[in-house]
Amino acid sequence: MPVLVLILLSVFLGAGAQVLFKVGVLQLDSLKFNIPGITGLLFSPYILGGLVAFAASFLLWLKVLAEVPLSYAYPMVSLGYVFVFLLSWLYLGETLPALRVVGLALIIAGIFLIARS
């Protein structure tokens, strides 16, 4: 599998994990750091799904690090901002303020320049 695909998949899984974590904590009545609260958190299907996605992202990232320079790979993690923004808009109904969209466009431009190097 091409390394760029591994990078994109790793970053996308990490972003997906964040959205799953958000949905999981929103479904809890309250987030309390006591035994029942932590147990409810850990057994939430969304939190568990987020942990699985995060673990898969981590393992893919280790493969990426074994194959490309860190100075190339790590800036690609910035795509996580873009993926989280889009997933939050699509699945959580969050808004798309114009200034944030401009900021994301700048992030994408920077990533494009790094990818071309």
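A crossing of two helices is called left-handed if the near helix is turned anticlockwise from the far one by less than a right angle, and right-handed if clockwise. That term is needed at the last stop.

Start with the whole chain, colored by confidence. This is a predicted model; its mean pLDDT is 90, and 95% of the residues reach 70 or more. Select residues 35–42, helix α2: confidence is lowest here, at a mean of 75. Then select residues 45–67, helix α3, where confidence is highest, at 96. Where pLDDT is low, the predicted coordinates should not be read in detail.

Next, go to S44, in the loop between α2 and α3. Is S44 buried or exposed? Its relative accessibility is 8%, and buried means under 20%, so S44 counts as buried.

Now select residues 45–115, which an unreviewed UniProt entry records as "domain: EamA". This stretch is 83% helix and 0% strand, with 36 Å between its end C-alpha atoms.

Last, show helix α5 (residues 79–92) together with helix α6 (residues 98–116). Their axes come within 9 Å and cross at roughly 145°, and the crossing is left-handed. To see the contact, display the side chains of L79, Y81, V82 and F85 on α5, and of R100, V101, L104, I107, I108 and I111 on α6. Of the residues in this contact, 9 are nonpolar, 1 is charged and none is polar.

Definitions and conventions:
Residues numbered from 1 in each chain as written. Predicted model: local features only at pLDDT ≥ 70, side-chain atom pairs only at ≥ 80, totals over all residues. Heavy atoms only, no water. UniProt positions renumbered as here; feature names shortened; annotations may be inferred. Helix = DSSP H or I, 4+ residues; strand = E, 2+ residues; numbered from the N terminus. pLDDT = per-residue confidence, 0-100. Buried < 20%, exposed > 50% of the residue type's maximum accessible area, 1.4 Å probe, protein only. Axes fitted to C-alpha atoms, helices over the stretch in contact; angles between N-to-C directions. Contact = heavy atoms within 4.5 Å. Nonpolar A, V, L, I, M, F, W, Y, C, P; charged D, E, K, R; others polar.
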